[in-house]
Amino acid sequence: MTETTEHPDPPGRTVPVERLKMGDHACMALRGGEAPWKVFTAYTRTSLARSEKVLLVMDPDDLADGDVVSLLDDGGGRVAEAWNSGQLSLKRNTEMYVPDGRFREDRTIDLYTDEVNRAQSEGWAGLRLTADMSWAPRVGIDHDRLLDYEASVAPLFADPLFTAICWYDRERFGDRLLDDMGKVHPLRVMESLDELEVTRTADGGRIAGSAGLDTRTEFVRALREALSRRDASGPVRHVLDLRALCFMEAHCAWQLLSLAGSLPTGSEVTVRCGELLGMVLRQLGADEVPQLVIGVEEDEVTV
């Protein structure tokens with residue numbers, strides 16, 4: 001097994017919420033209109049562990065602030081403590097976007113700039129935001145103006161002190177707008193913690209999300225397809241991009257090692273992954289699989 005170091009991913013990808021880094025601007029498309037509380041809980045707890053400030057911008061019809069804190073905290077006490085200390089802040093989207101009933105792009109950008117500066121002055125490592133965008137259709141903001149606004153906030157992310165998830169309900173905004181939103185946001189966040197997204201590539205595949213019990217069958221099937229032999233008469237070359245995979249159970253890891261090891265002598269499977277997954281694969285015997293090339297990049301702290 002050979003080890004290499006890989007460059008960061010290009011933009012335009014789908015990632016689990018745990019893989020968001022400071023400076024990322026992402027969108028999330030939901031169905032059903034309900035806030036993805038499990039995703040927000042993981043986002044909040046990870047951000048708090050990184051000594052970042054968290055700002056949740058919700059709709060006025062969402063839960064009361066105290067109920068939100070209780071839901072995110074789930075009896076652990078860490079989120080409640082962050083709310084009391086000011087590390088967690090809760091606001092309503094009408095307050096941030098249309099405080100006087102009118103939407104002004106420059107005012108909103110200034111408000112978020114102030115929030116980033118405030119987080120920095122308070123000693124936090126940065127600001128993490130999630131914003132419910134349901135205010136827009138309520139005040140008659142058309143699709144083109146909303147897209148222009150989302151594109152115009154790019155300078156906020158130039159200095160990596162700010163991370164944001166803008167979330168949209170497909171039933172309210174429609175598929176066309178959500179597809180366009182995916183073009184102006186560098187990243188799209190998965191709406192479930194146990195989701196798996198597979199993308200075929202010319203030389204293998206990219207797998208993002210969580211390879212656990214619920215997605216085991218899908219993950220193994222994706223591995224078999226990505227590592228399918230193009231030429232049965234000799235060695236093959238494949239690349240598996242697992243950098244956006246935030247969890248892999250032991251069974252899935254064993255399947256990866258087994259499938260790679262079954263390829264003809266001289267074949268090469270380059271697995272791009274984070275440090276933690278690379279360590280797990282080595283502990284399971286990746287060093288004894290000559291077909292494997294492990295490319296690692298530094299993992300961010302998570303909880």
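Residues are numbered from 1 along each chain as its sequence is written, and side-chain values use heavy atoms, with hydrogens and water left out. Because the model is predicted, local features need pLDDT of at least 70 and side-chain atom pairs count only at pLDDT 80 or more, while totals for chains, interfaces and linings use all residues.

**View 1. Glutamate 52 sits in a loop between helix H1 (37-49) and strand S4 (53-58).** Helices (H or I, at least four residues) and strands (E, at least two) are DSSP runs, numbered from the N terminus. Glutamate 52 has a relative accessible area of 4%, so it counts as buried (under 20%; exposed is over 50%, partly exposed in between; 1.4 Å probe, protein chains only). Setting aside neighbours within four places in sequence, its contacts (heavy atoms within 4.5 Å) include Met22, Trp124 and Arg128.

**View 2. Strand S3 (residues 25-30) is mostly covered, with 6 of its 6 residues buried.** His25, Cys27 and Ala29 point one way, and Ala26, Met28 and Leu30 the other. S3 runs parallel to S7 (residues 162-169), joined by 6 bridges; strands pair if DSSP finds at least two. Here histidine 25 stands opposite alanine 164.

**View 3. Phenylalanine 157 and phenylalanine 162 make a stacked aromatic pair.** Rings of Phe, Tyr and Trp (its six-membered ring) pair if their centres lie within 6.5 Å; planes under 30 degrees apart are stacked, over 60 edge-to-face, the rest tilted. This pair has 4.9 Å centre to centre and 15° between the planes. Phenylalanine 162 is buried at 2% relative accessible area.
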